[in-house]
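Subject: Structure for you to look at

Hello,

I am passing on a structure that you have not worked with before.

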Amino acid sequence: MQSFIDQSVCIIENHQAWAGLVVGLLAFGESLVMVGILLPGTAVLIIVGGLVGAGIVQPLPVLLAAMLGAALGDTISYFLGKWLGRGVVHKWPLNRYRREIARARVFFHRYGVAAVFVGRFFGPVRATVPLVAGMMSMNRRRFQIANILSAIIWAPVALSPGWLVAKGADNLPELDATSLVGVAVIAAMVVAIIVAVLVVRMRGRRNARI
């Protein structure tokens, strides 16, 4: 895993024109069923956020690529689930990941469409919730709304830890207006995620009581 992370970062540092493509592929793999369970994409994205904060990599291509890759990975996983049906969990290679899929099914049953949005930010179910949504014949439009919105928010949140470290907490007061707006947007997104998680948990507890 560490070798994969080092090689990915090395490619981005030495071939900055390919940064968007590499990040897009990582975000795509991170969201793709089975691949996302094994791929350390988030770790690479955090480091890439540091490169963006250091001014080595341009932020816009990386952000757009991460959003697009994440949304596309979930879309393919959804259609795979819809096409293959519920019996796919008993076939190779997904039969090796029954526990992960079972966890995603419980998550999906409990929270519905919110599971697609919130699941993007939880490693254990990120790569399996879209597959389960397809298996359970979730409405395509509702899935895509949750998928695209979560991808738009997830990309800057995934890059922000490295970006903030690169900028340095001591230097935050000296940031220019654009950077301060970026910090504010990231903070707002994090708050939105926390609120969404709290709402989902409260709904789950209420449903459990009923």
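The notes below go from the whole chain to single residues.

Please keep in mind that this is a predicted model.

Overall make-up

The protein has 11 helices and 0 strands, so a listing of its elements from the N terminus reads α-α-α-α-α-α-α-α-α-α-α. It has 210 residues, and 47% of them count as buried. If you take the contacts between residues at least 6 apart in sequence, 78% join residues at least 24 apart. The accessible surface is about 11300 Å², and carbon and sulfur atoms account for 65% of it.

Ser31

Ser31 belongs to helix H2, which covers residues 19–31. Its relative accessible area is 1%, so Ser31 is buried, the cut-off being under 20%. Leaving aside residues up to four places away in sequence, Ser31 touches Ala70, Gly73, Asp74, Ser77, Arg120 and Ala127. With Arg120 there is also a polar contact between the two side chains, at 3.2 Å.

Aromatic rings

There are 3 aromatic pairs in the structure. Tyr78 and Phe79 make an edge-to-face pair, with 5.2 Å between the centres and 80 degrees between the planes. Tyr78 is buried because its relative accessibility is 0%, whereas Phe79, at 33%, is partly exposed. Phe117 and Phe121 form a tilted pair, 6.0 Å centre to centre and with 50 degrees between the planes. Phe117 has a relative accessible area of 17% and is buried; Phe121 is buried too, at 18% relative accessibility. Ring pairs also join Tyr78, Phe79 and Phe143 into a cluster.

Ser137 sits in the loop between helix H9 (129–135) and helix H10 (140–167). The phi of Ser137 is near 60 degrees, a positive value in a residue that is not glycine. Most residues other than glycine have a negative phi, which is why I mention this one.

Where to start

I would look at Ser31 and its side-chain contact with Arg120, and then at the cluster of Tyr78, Phe79 and Phe143.

Regards

Definitions and conventions: Residues numbered from 1 in each chain as written. Predicted model: local features only at pLDDT ≥ 70, side-chain atom pairs only at ≥ 80, totals over all residues. Heavy atoms only, no water. Helix = DSSP H or I, 4+ residues; strand = E, 2+ residues; numbered from the N terminus. Buried < 20%, exposed > 50% of the residue type's maximum accessible area, 1.4 Å probe, protein only. Polar contact = N/O pair within 3.5 Å; in protein donor to acceptor, adjacent residues only side chain to side chain. Contact = heavy atoms within 4.5 Å. Areas by Shrake-Rupley, 256 points an atom, 1.4 Å probe, with all protein chains shown as cover. Phe/Tyr/Trp six-rings, centres within 6.5 Å; stacked < 30°, edge-to-face > 60°.
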